[in-house]
Amino acid sequence: MKVIEKIRAAEAENKILFSFEYFPPKTDDGVDNLFERMERMVSHNPSFCDITWGAGGSTADLTLEIANRMQNIVCVETMMHLTCTNMPVDKIDHALDHIKANGLQNVLALRGDPPHGQDKFVQVQGGFACALDLVNHMRKKYGDYFGITVAGYPECHPDAIEANGLATPESYASDLAYLKQKVDAGADLIVTQLFYDTDNFLKFVNDCRQIGIKCPIVPGIMPINNYKGFIRMTGFCKTKIPQEITDALEPIKDNEEAVKAYGVHLGTEMCKKILASGIKQLHLYTLNMEKSALGILLNLGLIEESKIERPLPWKRPANVNRVKEDVRPIFWANRPKSYITRTKAWDQYPHGRWGDASNASYGALSDHQFMRPRARDKKLQEEWAVPLKSADDINEMFKNFCLGKLKSNPWSELDGLQPETKIIDEKLGNINAKGFLTINSQPAVNGEKSDSPTVGWGGSGGYVYQKAYVELFCSKEKLNSLVEKCKALTSITYMAINKAGDWISNVGQTDVNAVTWGVFPAKEIIQPTVVDPVSFMVWKDEAFEIWSRSWATLYPEGDSSKTLLEEVQGSYYLVSLVDNDYANGDLFSVFSDA
């Protein structure tokens with residue numbers, strides 16, 4: 001979705017929007033850390049996030065990779081910066097074609113800074129001289145597919161600011177006229193350079209309106225995180241620092257915590273003044289840090305730490321091709337990134353009802369599904385690479401995870417237990433101790449309010465329901481006992497399959513069972529999570545592969561623990577159980593005396 005469309009929709013509701021900017025880190029660990037931080041920040045529902053294009057195009061490939069992951073894995077509307085520096089037209093088109101293919105629709109078109117070691121921008125052969133050229137090219141070649149944002153400079157472009165720190169009136173007027181040219185060429189939106197003089201920003205907005213610029217102008221707010229960084233950044237951008245800010249920082253400049261606290265206070269007061277003027281959008285330059293940006297939003301009452309709403313039980317990518325997707329099989333609930341990569345080639349995504357899963361082909365398993373961020377890999381190594389002498393030791397590992405004693409799990413991309421799992425964690429711990437090794441579950445819910453902090457989704461005003469569900473590995477002997485119990489408990493449906501593909505079930509091969517649904521005012525019933533046999537048989541290959549490629553691989557070749565895990569992988573069954581009596585059922589009764 002284009003950012004301008006989000007802004008127009010919010011304006012109609014008199015709603016305030018905020019957004020975050022990030023830059024590509026220099027190391028792999030830095031990238032992993034950025035995504036962990038981004039996941040936390042995105043949970044507060046920014047209208048979009050943007051990722052910068054390194055000076056001189058130095059981070060082009062990494063920016064493209066991060067932008068794709070933001071849009072499709074982090075599931076936030078993403079705006080990618082694109083500059084003209086060192087970028088002939090074919091490279092620009094490659095970048096635009098790449099993000100279009102991955103469902104991104106938003107670009108911040110910039111001239112760009114000079115390459116490292118150069119003082120002035122030089123047009124590359126076969127490239128563009130300025131952002132206006134880039135905007136014109138994008139509209140000519142791509143029509144209205146992209147939402148195009150351009151930069152605005154409240155104090156004038158840094159190139160036009162003279163030694164005294166000011167631009168001449170003629171330079172300022174010329175800069176405004178050029179900004180209007182970019183908007184007239186097809187830009188939808190203006191985001192400003194950082195500033196600390198709020199009155200000057202408001203004057204800039206008024207000056208833009210006076211010359212006929214009508215599109216939204218979003219203020220760029222950079223919280224002060226440390227004194228040296230603040231001086232360096234304002235010097236580079238030739239940003240005016242009001243005397244009262246200099247006076248406030250001087251006595252505390254060597255106290256990092258005091259500087260951060262002042263930065264949050266200053267940012268809050270700036271935003272209050274901007275919002276009071278009638279502007280309803282704020283763009284926060286995070287410098288890849290979260291506390292100051294979130295602190296400002298908390299002070300403004302725009303977010304609540306304890307209240308994070310979920311539109312659906314799972315996060316839908318912001319990819320324009322998946323905007324209507326609202327149904328998924330439950331099996332990948334703890335591995336959403338894997339599900340997205342295995343379904344990214346689908347022409348259509350389920351909307352309203354799941355339908356026939358055999359109509360869409362899941363992508364084959366690849367190394368991508370088993371790649372982990374370094375921090376998660378280290379955690380798995382610490383927690384799961386322990387000596388295993390028997391099946392009881394394996395049972396103990398699964399039990400400890402369900403009781404919250406372990407924070408990682410080879411079958412999960414998420415951190416620790418999900419809030420709803422804690423409702424049944426002791427019951428899960430008990431059955432894991434018996435050798436029923438759970439990897440996915442949800443408790444029964446019968447008409448809980450949709451804004452419940454543990455099981456709610458879809459916003460306030462509705463009611464949510466779900467059937468109790470457990471997915472596990474167990475031996476053939478234990479599976480036989482479950483099957484016998486289910487003969488007397490007619491509300492329970494089950495599917496079981498081993499690595500070799502031997503199938504045991506009491507449901508038809510094409511049956512689809514909605515296990516989560518919600519009822520909301522003036523809407524059809526939404527059923528976002530299902531259990532279906534076709535997807536289960538696809539998922540089983542991945543689930544069994546995790547035994548070897550995510551757990552056993554933590555041990556050296558020939559280790560007896562590794563051998564034990566491979567034996568379990570080859571002999572156990574993957575089992576899916578649903579109690580269809582969500583009002584009065586007791587799924588865990590099937591495990592009694594097992």
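Guide: The model is predicted, so local features need pLDDT of at least 70 and side-chain atom pairs count only at pLDDT 80 or more, while totals for chains, interfaces and linings use all residues. Residues are numbered from 1 along each chain as its sequence is written, and side-chain values use heavy atoms, with hydrogens and water left out.

Visitor: Why is the aromatic pair of Trp411 and Phe473 called tilted?
Guide: Rings of Phe, Tyr and Trp (its six-membered ring) pair if their centres lie within 6.5 Å; planes under 30 degrees apart are stacked, over 60 edge-to-face, and the rest tilted. Trp411 and Phe473 stand 5.7 Å centre to centre, with 55° between the planes. So the pair is tilted. The whole structure holds 33 aromatic pairs.

Visitor: What makes this pair a tie between parts of the chain?
Guide: Trp411 lies in the loop between helix 14 (391-402) and helix 15 (425-433), and Phe473 in strand 13 (residues 468-474), so the pair ties together parts 62 residues apart in sequence. Helices (H or I, at least four residues) and strands (E, at least two) are DSSP runs, numbered from the N terminus.

Visitor: Why does Phe473 count as buried?
Guide: Buried means under 20% relative accessible area, exposed over 50%, and partly exposed in between, with a 1.4 Å probe and protein chains only. Phe473 has 0% relative accessibility, so Phe473 is buried. Trp411 is buried too, at 2%.

Visitor: What makes the pair of Phe473 and Phe544 edge-to-face?
Guide: The angle between the planes is 70°, and the centres are 5.3 Å apart. That angle is over 60, so the pair is edge-to-face. Phe544 sits in helix 17 (residues 533-551), so this pair ties together parts 71 residues apart in sequence. Phe544 is buried at 1%.

Visitor: How do you know that Arg69 lies over the face of Phe35?
Guide: A charge sits over a ring if NZ of Lys or CZ of Arg is within 6 Å of the ring centre and within 35 degrees of the ring normal. Arg69 is at 3.8 Å from the ring centre of Phe35. Lys523 has its charged end over the ring of Phe520, 5.6 Å from the centre.

Visitor: Why is the contact of Arg376 and Asp415 called a salt bridge?
Guide: The term needs a side-chain nitrogen of Lys or Arg within 4 Å of a carboxyl oxygen of Asp or Glu. Arg376 and Asp415 meet at 3.2 Å, N to O. So the pair is a salt bridge. Arg376 lies in helix 13 (residues 374-384) and Asp415 in the loop between helix 14 and helix 15, so parts 39 residues apart in sequence are tied together.

Visitor: Are the two partners, Arg376 and Asp415, buried or exposed?
Guide: Arg376 is buried, at 17%. Asp415 is exposed, at 60%.

Visitor: Why are Lys253 and Glu250 called partly exposed?
Guide: Lys253 has a relative accessible area of 31%, and Glu250 has 40%. Both values fall between 20% and 50%, so both residues are partly exposed. Their side chains meet in a salt bridge at 3.0 Å, N to O.

Visitor: How do you know that strand 16 and strand 17 pair?
Guide: Two strands pair if DSSP finds at least two bridges between them. Strand 16 (residues 513-519) and strand 17 (residues 526-531) have four, in the antiparallel sense. Ala514 stands opposite Val530 in strand 17.

Visitor: What makes strand 9 and strand 11 edge strands?
Guide: The open sheet runs 9-17-16-12-11, with mixed pairing. Strand 9 (328-329) and strand 11 (445-449) each have a single partner strand, so one side of each lacks a neighbour in the sheet.

Visitor: What makes a set of residues a nonpolar core?
Guide: The members are buried Ala, Val, Leu, Ile, Met, Phe, Trp, Tyr and Cys residues joined through side-chain atoms within 4.5 Å. The largest has 99 residues, and Phe20 and Leu82 have the most contacts inside it. Helix 10 (residues 256-276) gives the most to this core, with eight residues. Another core, of 45 residues, lies apart, with Val515 and Val530 among them.
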